[in-house]
Structures are given as structure tokens and as C-alpha cells.
Amino acid sequence: MNKELTREERTDALGGMGCKRKRVEDARFTQGKGNYVDDIKLPGMLQGDFVRSPYAHARIKSIDSSAAMALDGVIAVLTAEDLAPLGLHWMPTLAGDKQMVLADGKVLFQGQEVAFVVAKDRYIAADAVELVEVDYEELPVLTDPFAAMESDVVLREDLLGEGGSLPDGAHGPRKHPNHIFTWEVGEKDATEQVLDEADVVAEETVYYHRTHPCPLETCGCVASMDKVNGKLTLHGTFQAPHAIRTVVSLISGIEEHNIRVISPDIGGGFGNKVGAYPGYVCSVVASIVTGVPVKWVEDRMENLMTTAFARDYHMTGKISATKEGKITGLHCHVTADHGGFDACADPTKFPAGFMNICTGSYDIPTAYLAVDGVYTNKAPGGVSYRCSFRVTEAAYFIERMVEVLAIELNMDAAELRRINFIKKEQFPYQSALGWEYDSGDYHTAWDKALKAVDYDGLRAEQAQRVEDFKAGKTRKLMGVGLTHFTEIVGAGPVKNCDILGLGMFDSCEIRIHPTGSAIARLGTISQGQGHATTFAQILATEIGLPADSITIEEGDTDTAPYGLGTYGSRSTPVAGAATAMAGRKIRAKAQMIAAYLLEVHDDDVEFDVDRFVVKGAPEKFKTMKEIAFAAYNQAIPGIEPGLEAVSYYDPPNMTYPFGAYVCVMDIDVDTGVTDIRRFYALDDCGTRINPMIIEGQVHGGLTEALAVALGQEIAYDDMGNVKTGTLMDFFLPTAWEVPNYETDHTVTPSPHHPIGAKGVGESPHVGGVPCFSNAVNDAFRAFGLRHTNMPHDHWRIWKTANDLGLHG
Amino acid sequence: MIPAAFEYYRPKDMAGVLSVLEEHGDDARVVAGGHSLIPMMKLRMAEVPHLIDLQDVAGLTGISIDAGRVRIGAMTTQHEIINHAGLSDVAPIMREASLQIADPQVRYMGTVGGNVANGDPGNDMPGLMQCLDATFILVGPDGERSVAARDFYEAAYMTDRADDEVLTAVEFAASKGGYAYEKQKRKIGDYATAAAAVLITKDGGTCASASIAMTNLSDTPVYSVDAGAALVGTSLDEASMKAAVDAMLGDIDPTEDNRGPIEFKRHAASVILRRAIENAWDRA
């Protein structure tokens, strides 16, 4: 390097925070060189497959596996009886309940795991599954949580006490044998009083239907027990590999140092891969029994029918306001359908996740939330599908309630939001339901969004459209969907966030190599988020080495520091903070080394992009590369060799990303077909690490929001049969169905995060769902519609129009 | 999604195909593009111990147009139909309908023969063939025979084809006048909520002929003689349009599924048919 670079050129050369660095992962993904769990083939590996229940509720009278065992190539058929001596026929769930690994006398949902076949290859295993004869006695099926709370049919006899009594559950008293918990937040009496005395109260029941994260790669694992050295290696699609290691250790009794959990490349998670599934336990047991590796990978139907649904919240709301539209109170009751076992993935103290963020972006002085969890004959789950814990439910609820209130007040919904937003000067803001919002500037974002779409022009066009429709000139209505959402992500502070007692901190460990490159390992695991790209950018800025010289490694519990994994937009808020803090430890030591090399006092040097310079004499400097070499190879008095750091970061608070979205939709009243003409998304995720990756996250999150709002559901018939078990009926949008998205941003850094970042992966989903739904609802507002439930597929929209008398 | 074991055959000529069919009867099935049969086998809803792949059999592909008569070999893909210039001239409805079948990847493999022979009421080609008044050519142990598309379909997956026969080609006359294939579907790759194939010829301002067939609204495609007849001799005024739609509604028999209840499907069918008629009329 002959020519001295400018400070700006040196900054650009690092590829640090704020640049659109291309994703380093994509070379392998776009060339088909990724290494997913189903790509793993170990010598002698066997294949597992499940016998699953065709019934939603049945007693198992007998299981005859003799014909299956007689098939050439079948090694074993495991049932609950085989697992019981090991105490592994049931397993703990993340929600404090327990779940059958294999059916223990009865089944509680269609697709439930009944027996596990282990065979020499995948085909033999599938043939053997057909040969296992199970004698079922059908029982009455409960698919409706309200009916379940009234029914004499007890789904979970195992939870009854002496003489049929009802012992407390993991979250307190239970009201009925099919009741799981009641969770209350806020002030009930005060809220009811506010509602009683209010000028205006709007009430609505909003059902957020059951859906599924449906990652492109399904769940699976390869368990490999080495009987010689006693070590278990478990490769799998785990969003939280360390938590899986600890859980496996606790339930199997294998010491944790003898368990190595590896999450290889993961093809999307969206919450589906947070929990522990029977397939993992059965694979581990089968490997222990056989002494060879055992692979289990779900097919698509198994994934949709059995592993981790999302949502299924029946939300009843009351929102009160003054005549002028100032919101005074909010009351929310949720009946939560949890399926046959309570396997929700939530922090332990939050059985309904962060549903208490349901006051949204608004300054609501008094509020009350109660959630009743209920057992039904549906698959267990309740994961956070591309959102922090139950935050999409909360955002959908409040954004629908505000729209309904606007109708009640005969006000413009944008203006109603504006007069109720928490003001910039109110942050940090203490919400009525217990959160401290760290930062925000909602009015600026809102005004920017409305201006960008020419909001007044849209309303004028819409009014004309209504006139034209009434005059018979058109059969298409126009909806303007508005949403201002506030997320709560980055779980979370160990003082109130744990899962199964595991604190939700995260970690980063950095080793600088002598030649000035580095490896950093984290407790998180990318499922497509691009961590190898963005965490290197954080470090490049923090430690002054090029991002291209920094390897990011995750997902191997033998090498990575302990962390709670990736979900709930927690990687950047928690592990990203740990990365910055570990980088600062590196920098602190580098400063001492630089000072020694420059023969000045520590305080006389300062960090400058990629080097330490002598204050006031920038021509005297040592680059980080030079410092790295000296750290290893030069004897420096009082400083031990090497340049490494580790940080475990326990965040002081959550982060609160927010955004302002507008959707413009045309609706064919006669067919129910929707056409999204425009979608504008303004996101504020604080400091922006990589604008290109943010844009990609926004596109992906909006697309999953479109899916959920317009058709994606897990539907059951009255017998508990899943009606949407394949991608023919379960809606995954393709490029054809996806509109053009316009993205925008404001930047309100988090005051407590080391680099001010808040997380963005889930915001577009949280904000997108109500925005699409509000557009559909808004299209019919002029014809008297208050609310219609998702999913807004063709026939339901047609039904709405039909019920309003729009078909003549 | 793991099929049961099966024997795989890949004969070079039709005699080889027929001998396997003769030997194994309804335990044997031919596969063309495989987009219906293979998923059914993977779901174990179809058990096919003997699977005969037609792709090496000579003489089953290609589109020929001769003296106003079109012949399309059974193994011709939808992709080939879309990109065949001559076919677009003599039967533009073939291209319009093919573009609404699934997605490009499926259309590279999906064939005319598979689409019409499987008898799946969701497939688009059967209704289209009835609209075109096509003839299907079948080859069996006793040689070749032909059957009208309008007589071919008996029930879902049940057709006039015998177990030992193979559908080798479809034939139809070049269509004149206006055409339209309208399809409502939930998403790419989906079967129709309702679809309508319409051919109309005009004599001055009067409808001279009309052919109407509907897809996925019954357990077979629905060729509605009365719907077409209701238009003939009219200027497509509101009364005749309504009569055509009413006639069609009398012929369909949709069932409830995830696309919606019967009431909705009947409404969608009438809207889609109206649009198809209007579109075909404008083009006539």
C-alpha cells in the first residue's frame, strides 16, 4: 500500500456497519452447496419414520408390530412401552407441560406419534409404517376451545388429581379439566370503570386463525451415539442448539459435556424449529439402542400437521375513547387454543408470550388483559411464527380495534392513530400492561408514510370508487390498509426471561489471528438471516478488521459459547450486543498494545477506523493488523499474549422496533379476488447494520404476512381431521402472488443497545398481517362492515360482500 | 411421501407398452409427465406395482396441423403447446388455457395426454377438449380406436379408457371465431375454483355457434350443450347471457372444499362464464 488512504476509504474497506455488504452465505446456497440436515449421511446410518394417528382423539387398545418387524431391513419398532423404562415416553414442553413422545394409551390429535420404526433405509421404514397395526377406540373430538371449556370430555386425564380434582398447572389454578391457565395483566377493575364511564366504547371479537410457519426445510435430526466414548452427537434443525443440548442432557441423563449438538445450514425456521419434538427423542433413543446413527426427517404433511402451529387466538376486545377520539382504556380477553399439549414456545413467566404489548403504539392509560389457555384435539405448538412471542396476535388485535373504534367514532383511522400515538418526548414510556418502551418517534414515521402514499389522494379516490360502485360503473372496491405497529423483541433480560430456567442472554467469543483475521462464534444460529454477513460487519466496525477477514461460526455447541439461539428477532438485540461488547474488549487490549508499540501512555492513543493513532499525531499509528501480530509475537510487559475476548450479554431491556405501513388493494366483489396495487413499508429498527439484508427481511416478512392474511391456515373439520395438510391447500405465496413492495425507514436508535440496533426480521410480519387485513376490511367500511376475520381468501371475501348485500 | 415399491418399465415402442399392460392389467399404469400420478403414488393413494414410462416410446410427441385438423401427440408438453406458433393460429384457446396451468416448471413436464387421460376433474385440458369437440385416439390390444372427448369422462378418475389401452393423441378441428379460457384460482399451481372454456362464432351481430365447457365444478368436466344453445341466434343480450349462465348452473354439481362452499362456487362459475363469453364475443 503506497498511497495513504483517506479515512473514508479506510472505512469503506472494512465493509462495516451500514454498508450493503453482499451475503457471504449465498455462494454456497445459490450453488446448491449448502449442508442441511438431510444432506448428512453417516456410516451405517438407519432411518426412522413414524406411525401416526389417523384419529384426533382415540384410545389405543393395542399395537401389533409383528408384521413390520418381519419385514426385511426393519431393525426396531419403538412404542411408549419401550420408552417407559427410560422415562422417555413423555417429555417436558417449553411451556411447563409434558407431552407424549409416543402415544401412551391414547392420542390427542390427528398425526400424533404412535410408534417409531427404525429401518435400513427410508423406503423400508415407510413400508413398515404401513404394516404396524394399531387398534384404536375413537373418543369424542373437541376442536373448539369454547366447547372444550364446557365439555365433560376430559382430554388430559394425566393432569387430574386424586378423585378427579384439578391440581394447579404450571401457570397457576385451572378452572376446568381442559383449561390450562389464566394469565392476567393490568388493572381489571380500573379498566372496567373506565369503559363504563367512557363516551364511546367499541367492542369486537377478532379471531386470529391457526396457521403454520412452514419453513422450506422441514424439521429433522441425525442422532449418533458413540458407545465407545459415550458421546452423543445430535445434528438437527435447531433454532436453539444449546438449549436442546441442555434439555437432552436433563431428560436423558447423559452428561452435558458428552452431548454435542450441531445445527447445520437451516432452511428457514420462523419459530417452527424452536421446540423439541418426539422425532428428536426417538432418534436419540434409537441410536442409543442400536449403536449406530439414526436419521429422522419430516415430510411436508408431517410438518404441517404435527410440528408447531402458530396463532389460534380468539380475542375479544373493548376499547374506549372520548368523543374527540382520545383512547382511555383497553380490555382484552383471549381464549387460546393450545391443542392437545401446551407446547408453546414462550419465556416461562409469559404463558401468552408478550401478548401484553397489545396496547400497541398508543398511549392508553388503563388496560387489562386476560388469557385463558385451553386444550383441544389439535396439534400442539403455539410458536412465534416470524414474530416475537405472540406479538403478531397483539399487533393484529390492537390494529383491528383501532379501526373498529374509528368506525364507532366516524373518524379517519389515520387521524385517530395520530392523536393517540405515544409522543417522542414520552420515551422511555411505561405501558399500562407493564412494558418500558425504550424509544420511538411514531409521529415522524406516520407522517412520512402518509405523505409517501398521498394518503388524502387515496381517500378521495376511494370515495369516488364507492360512488362509482353504487352507480353500477364498477364491481371493484378499493381498500386502504393502515398499520402502525410496535414490536417487542430481543428476549431478553434474564431477570424476567427464561425458557425452562435457561436465562435468555446471548454470547460472542472472538479470536483474532496473528495475521489480522478473526473468527467469532455466537450462541445464535442463522436460518437464512445472514448472520455470517452482518455480525462480521458489526465486528469490522468495532475492531477495525475487514468484514471479509472475519469468519462467523454458529451452531456447534462444542465450539460456540452458550446462548439461547435465534428466534423472536433476538439475534441482533442480544447476540449482536454481545458481539459489539466482545469487540470492545478486543479493542481495549489492542489499545494497550498499541500504546506500548507507539511508546506512549494508553490514554494517549485513540481508535480510528482500523488503527490506533497517537492523539494529535495521526501519522503515528499502529493498524489493528499490526497490533494483532504483536499481540501474539512480541513480549509486552504486563500483557499476556493473544487477542481474544468473550462476552455474555444480558440485555437491560427489550428493544421496540416500530413501523408504519400502508396497503392499497382492489377487491373484485363478485369473485372475492384481491389485487394489491401498492404496499409501502416504513421500518424503524434503530441502527441499520446492512440495508440490503433489512430490505430482504422486509420483503420476506411481508410475503409471509400476505400469506397469513389472505389464505394461509391450518383448518380442521369437526372430526379433527386436518383439511390443509399439503401445499395444494396450505397457501405459500410464489413470485406470482407477491406485489411490489416499497420500503422506507426512519432511524431511532435503541438507547440501551451498544450499537443502537433493534432487530428487524419479524417487524414486517407483525405489521404486515394487520395492514393486509385492514385493507380488506376498509374496502367494505362504506357498506357497513365493522370486522371480518382472516384469512381473507376468495370465498370469505365473497361471503362478506354477499352478507352486505353487494351481489344484488 | 415415500411410494410403495414398484417395477419400472421404459419400453421403446407401443408394443412393449401394451405387453406390460396385458400382463399386469390394472396393476400397471403408464406415466407421462407424472404430475398427477407420482404425487398420488408418494401419498400412497395410488398403488402402481408396474409403472410404464412412455418417454422413450416413439411417435407420441409433436403437433401437426393438416387441412384444418390438429393432432397433438399425447406426450406433447404444455410448454410445447404454448410455444408452437402454428397452433396459436388455428387454436389460440390452447395457448391461453395452457398458460393458466400450474407454473413453467410443471408445464415443461406436464403433457396433454396425461392431463386428459387421468380423469382428474381438476385438470384444465378435459373441459377444453370438450369445448373443442376433440377426439381422443386410444391404442389397445385390438388396435386403434377413437372416442369423443364429450363421451370420454364417466366420473372422477373414471374414463372410457380400458385398463389395457393407452391414449396416444388428441385431434380437433381448427377453431374459428372468438375464444376465451377464464380461470379463477387461489394461487399458482392450484386447480380452478371455477374455469370456463368458450368458443363463439358470429354471423354479423348474431351468435352463429357457441361451445361451452366448465372445469372443476363436477366430478367430470361439464360440456353444457344448453348453455351454448342459449346463445345461438342471439346478439348476446342480457336475457341470453342469463339463459346461458342458468343453463350452465343446471349442469354443474360442485362440492365444498377449501376453495369454498357450493354457493360460492356456483356464483364464481357464473361470473367466470359471463367473463369468458364476453371475452370470446369481443374476439369473435
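Guide: A:Leu500 lies in the loop between E22 and strand E23 (502–503) of chain A; helices (H or I, at least four residues) and strands (E, at least two) are DSSP runs, numbered from the N terminus. The model is predicted, with pLDDT of at least 70 required for local features and 80 or more for side-chain atom pairs, while totals for chains, interfaces and linings use all residues. Residues are numbered from 1 along each chain as its sequence is written, chains are lettered from A and ligands numbered from 1 in the order in which they are written, and side-chain values use heavy atoms, without hydrogens or water.

The phi of A:Leu500 is near 50°, a positive value in a residue other than glycine. Its relative accessibility of 34% makes A:Leu500 partly exposed, a class between buried (under 20% relative accessible area) and exposed (over 50%), with a 1.4 Å probe and protein chains only. The loop between strand E21 (476–486) and strand E22 (498–499) of chain A holds A:Gly492, which a cis peptide bond joins to A:Ala491, with omega about -25°. Another cis bond, with omega near -5°, runs from A:Phe427 to A:Pro428; A:Pro428 is in the loop between helix H12 (413–420) and strand E19 (429–430) of chain A.

On a 1 Å grid over the protein atoms alone, a cavity is a set of points where a 1.4 Å probe fits but cannot get out, and lining residues have an atom within 4 Å of a point. Points are joined across faces, edges and corners, and a volume is the space filled by probe spheres set on them.

The largest cavity contains about 300 Å³ of space. Of its 29 lining residues, A:Leu94, A:Val274, A:Gly275, A:Ala276 and A:Ala343 lie nearest its centre. Domain 2 (37–141 + 218–266 + 274–306) and domain 3 (309–491 + 654–803) of chain A both contribute to this lining, so the largest cavity lies between them; the domain bounds come from an automatic or database assignment. Strand E4 (90–92), helix H8 (241–252) and strand E18 (381–383) of chain A each supply at least two lining residues, and H8(A) gives the most, with 3. By class, the lining has 22 nonpolar, 6 polar and 1 charged residues, where Ala, Val, Leu, Ile, Met, Phe, Trp, Tyr, Cys and Pro count as nonpolar, Asp, Glu, Lys and Arg as charged, and the others, Gly among them, as polar.

The second largest cavity has a volume of about 120 Å³. Its lining includes A:Leu88, A:Leu234, A:Ala276 and A:Tyr280. Two or more residues come from each of H8 and helix H9 (278–290) of chain A, and H8(A) again contributes the most, with 5. The classes here are 11 nonpolar, 1 polar and no charged residues.

Elsewhere in chain A, strand E16 (residues 327–339) contains A:His331, which counts as buried at 12% relative accessibility. Beyond neighbours within four places in sequence, A:His331 is in contact with residues including A:Thr191, A:Glu192, A:Tyr368 and A:Phe397, contact meaning heavy atoms within 4.5 Å.

Conventions: 1 Å grid on protein atoms, 1.4 Å probe; cavity = no way out; pocket = protein on both sides within 12 Å on 5 of 7 lines; lining within 4 Å.
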